[in-house]
Amino acid sequence: QKRWPASKPPSASNVLEFLIGMLEMNAGHADEAQQRFERSLANDEDPGVLSQLGLLLERTGRSKEAEQRYRRALELTPSDSLADDLRRAELRESLGNAARAEGNTQEMSAEYNRALKAWNEARSQVDGPTGALVEMRRGVLLDQLGRHEEAVDAFQNAMSYAPQWRDVYATILSHLVSARPDLELASTV
């Protein structure tokens with residue numbers, strides 16, 4: 001851009017800032033990632049970037065700040081399609097996670113229930129890997145809400161939707177590490 005200021009760059013600077021931010025985040029450079037995400041947002045207040053910044057803030061112990069980013073991303077995410085509805089469900093779940101980190105169990109439950117409702121509504125519209133994703137998210141939420149038997153059913157549904165997709169098994173096992181122990185489910189997975 002410095003060399004040819006009159007030409008249009010092949011990628012917008014906010015997209016490059018976001019991608020570099022993702023690389024920094026994956027490399028464990030939280031401060032650099034945050035700076036890149038914020039630079040990206042300065043040019044375009046994108047819900048995806050806000051969500052990633054919220055995740056970064058949540059993982060670095062700043063759940064109140066994360067909540068603000070998630071709420072803004074939710075405001076900016078339309079409800080025009082199934083994909084939008086799934087993004088909104090993920091944001092609701094993220095809001096529940098931020099509330100849990102703050103110790104606000106009432107808000108956590110409310111957001112988890114809103115997310116679960118959205119995932120439930122999507123069930124009849126998806127199959128394959130997307131169906132597996134929906135069932136995995138449902139399973140995690142159901143378990144967080146104390147409905148373990150229903151969660152087990154959702155996890156089993158996820159495995160049947162995409163039996164060859166490793167992420168299904170990894171996500172379920174990852175959840176089981178921090179959830180109530182269930183040796184039978186873990187062995188099945």
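**A walk around an all-helix model**

Okay, let's start with helix H5: it gives the most to the lining of the largest pocket, with 8 residues. What you see on screen is a predicted model, where local features need a pLDDT of at least 70 and side-chain atom pairs count only at pLDDT 80 or more, while totals for chains, interfaces and linings use all residues. Residues are numbered from 1 along each chain as its sequence is written, and side-chain values use heavy atoms, with hydrogens and water left out.

Now the overall picture. The protein chain has 10 helices and 0 strands, and reading along the sequence you get α-α-α-α-α-α-α-α-α-α. Helices here are DSSP runs of H or I with at least four residues, strands are runs of E with at least two, and both are numbered from the N terminus. Along the principal axes, the C-alpha atoms fill a box of roughly 60 × 35 × 35 Å. There are 189 residues in the chain, and 39% of them count as buried. Buried means under 20% relative accessible area, exposed means over 50%, and partly exposed is in between, using a 1.4 Å probe and protein chains only.

Next, contacts. A contact means heavy atoms within 4.5 Å. Among the contacts with a separation of 6 or more, 46% join residues 24 or more positions apart.

Back to that pocket. A pocket is found on a 1 Å grid over the protein atoms alone: it's an open set of points where a 1.4 Å probe fits, with protein on both sides within 12 Å along at least five of seven lines, and lining residues have an atom within 4 Å of a point. Grid points are joined across faces, edges and corners, and the volume is the space filled by probe spheres set on the points. For the largest pocket, that comes to about 890 Å³.

Which residues lie nearest its centre? They are Leu55, Glu93, Ser94, Asn97 and Arg137, out of 27 lining residues. Besides H5 (82-102), helices H3 (47-59), H4 (63-76), H7 (128-144) and H9 (166-178) each supply at least two residues of that lining. By class, the lining has 7 nonpolar, 13 polar and 7 charged residues. Here Ala, Val, Leu, Ile, Met, Phe, Trp, Tyr, Cys and Pro count as nonpolar, Asp, Glu, Lys and Arg as charged, and the others, Gly among them, as polar.

Let's zoom in on Ser94, which sits in H5. Is Ser94 buried or exposed? It's buried, with a relative accessible area of 15%. Leaving out residues up to four places away in sequence, Ser94 touches Glu58 and Tyr70.

The second largest pocket holds about 220 Å³ of space. Its lining includes Leu74, Arg88, Arg92, Arg114 and Gln125. The elements giving two or more residues to this lining are H5 and H6 (105-122). H5 has the largest share again, with 6 residues.

Glu111 is at 1% relative accessibility, so it counts as buried.

On to H7. The expected span of a helix is 1.5 Å times one less than its number of residues. H7 has 17 residues, so it should span 24 Å, and its end C-alpha atoms are 24 Å apart, which agrees. 13 of those 17 residues are buried, so H7 is largely enclosed by the rest of the structure. Just after H7, Gly146 takes a positive phi of about 80°.

Last topic: the cores. In soluble globular proteins, nonpolar side chains tend to be buried together. A nonpolar core is a set of buried Ala, Val, Leu, Ile, Met, Phe, Trp, Tyr and Cys residues joined through side-chain atoms within 4.5 Å. The largest one has 28 residues, and those with the most contacts inside it are Trp119, Val134, Leu141, Phe155, Val168, Ile172 and Leu185. H5, H6, H7, H8 (148-161) and H9 each supply at least two residues of this core. Beyond residues up to four places away in sequence, Ile172 touches Phe155, Met159 and Val189. There's also a second, separate core of 16 residues, including Leu50, Leu56, Ala73 and Ala98.
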